Amino acid sequence: MCGIIGIAGNTDVAAALYDGLTVLQHRGQDAAGIATADRAHLHVQKGNGLVRDVFDSKAMSLLPGRVGIAHCRYPTAGSEGSDEAQPFYVNSPYGIALAHNGNLINTDALRREVFEQDRRNVNTESDSEVLLNVFAHELDTQKTLSPEAAFRAIEGVNRRAKGGYAVVCTVLGLGLVAFRDPHGIRPLVLGKRSTPNGDEYAVASESVALDILGFERVRDVEPGEGIVATARGELFAQMCAQPQQHAPCIFEYVYFARPDSMMDDISVHKARMRMGVKLGEKILRLRPDHDIDVVIPIPDTSRDAALEIANVLGVKYREGFIKNRYVGRTFIMPGQGERAASVKRKLNPIPLEFKGRVVLLVDDSIVRGTTSRQIVQMARDAGAKKVYLASAAPPVRHPNIYGIDMPSVDELVAHGRSEDEIQQILGCDWLIYQDLKDLEDAVSGPKKLIERFDSSCFDGEYVTGIEPGYFERIQQLRSDEAKKTRRAS
């Protein structure tokens, strides 16, 4: 999972891209990059680390231009090391820089096509660089540079690429180009800002990046749609793919997105509140005479759900863990050892909220189980009489292949196990999961804005279909052991 933002402005945009990227930092802490277009030149600055560490005043001074894109990354399959930082760029045709959120599932085949048919070279293992070269080739075949040519190039990408992707590009002589995969798996939001010098446009992974920059959220980029925005304040939009069923990634609402974001016209905050209501009602159905004394969220993502669970159950809601905000999100730590060590650095319990109480801990989801097991033990050590654990999401039993680095199935605590077996592994006195239908209903909301979600990590149903042997290949890339071997080499 990554964060992307692109701006077509009427003044230099590097500072705005930096500010927008800082509020997307939760989407990736491994690397950051900015590319700007200044007349006939592309300027790119990127590196490993947080946004604030990659960009100092000197780096920012090297990024002139009224059109630009930015990216913050966390590593998915095969994407580790400084060479994988985005944006990527090519000089032909015109000069193009590209940043990408998501994951292609036919990268190997595309890489061969790019080399053998398109006569282009890919220097890294990143599928984003493959995507860049596919787009560059398709644009080159148009033999002209215009919004219409860009849309035809996007059509070519959508015919060839398979997976989940949201993309921002700068194209010299044209402006900002953005597009979204035909199923709309990965999010992309369009914003507009009016200034005395004319209109400016921005696209971003989440609306919160538009909010901080003073852009009005206009709408979501539609699945399969292409957007072209120029520094002259012009906006062009066109559908660039055959209609497909819209299926946004439901895990965005469970974990990744900030609660103050709107994606696909759905409030993340309200979706998480509804998750809590649904789960609270399930608890009452299963244990109408429960003995829960207090509901405590595992910060930060589960707070909205935990508060609503407490309201439904009629028990106290309390903050029981203090979070060290200078430690990154453990889910996206690159190795199991780092994740385990980070839990203790990240959270510290308040014993007064645990001592002698039956505690219901609420988390957004349970993936590997390592973090959950440690937190349950923290609650016991802090004096809890009993420790129950509730997950606002169903059991994660399958890999996510569209841009979330969920590990190989062998590392998923729920894979091949019953809920009783998972409960024993986690060491809690009771474990309760959200039902998938309840989760989908909670996110879709009373207006039923989305009829289908990509819920593949829960139900194993992949909207794009899967080629034989794909899971074996990603297991070789995504397992912690594979990552450890790559880092050592």
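How are H9 and H10 oriented to each other? The points below take up this matter and several related ones.

1. Basis of the note. The structure is a predicted model, in which local features need pLDDT of at least 70 and side-chain atom pairs count only at pLDDT 80 or more, while totals for chains, interfaces and linings use all residues. Residues are numbered from 1 along each chain as its sequence is written, and side-chain values use heavy atoms, with hydrogens and water left out.

2. Helices H9 and H10. Helix H9 (residues 268–286) packs on helix H10 (residues 303–313) at an angle of about 40°, and their axes are 7 Å apart. Helices (H or I, at least four residues) and strands (E, at least two) are DSSP runs numbered from the N terminus; axes are lines fitted to C-alpha atoms, for helices over the stretch in contact, with angles from 0 to 180 degrees between N-to-C directions. H9 and H10 are therefore oblique to each other, the term for angles that are not under 35 degrees (roughly parallel), over 145 (roughly antiparallel) or 65 to 115 (roughly perpendicular).

3. The H9–H10 contact. On the H9 side, the residues include Arg-272, Met-273, Gly-276 and Ile-283; on the H10 side, Ala-305, Glu-308, Ile-309 and Val-312 are among them. Contact means heavy atoms within 4.5 Å. The residues of this contact comprise 9 nonpolar, 3 polar and 4 charged; Ala, Val, Leu, Ile, Met, Phe, Trp, Tyr, Cys and Pro count as nonpolar, Asp, Glu, Lys and Arg as charged, and the others, Gly among them, as polar.

4. The sheet. An open sheet of 6 strands runs in the order E5-E6-E7-E8-E12-E13 with antiparallel pairing. Strands E5 (88–90) and E13 (235–239) each have a single partner strand, so one side of each lacks a neighbour in the sheet. Within the sheet, E8 (residues 175–180) and E12 (residues 225–229) are joined by 4 bridges, pairing being assigned if DSSP finds at least two bridges between two strands. Leu-176 has Ala-229 in E12 as its bridge partner.

5. Ile-154. This residue lies in helix H6 (residues 147–160). Leaving aside residues up to four places away in sequence, Ile-154 touches Phe-135, Val-177, Ala-178, Phe-179, Gly-226 and Cys-240.

6. Helix H14. Among the buried residues of H14 (residues 436–444) are Leu-439, Ala-442 and Val-443. The buried residues of H14 pack against helix H8 (251–256), strand E15 (266–267), H9 and helix H15 (456–459). Gly-445, with a positive phi near 80°, follows H14.

Definitions and conventions. Buried means under 20% relative accessible area, exposed over 50%, partly exposed in between (1.4 Å probe, protein chains only).
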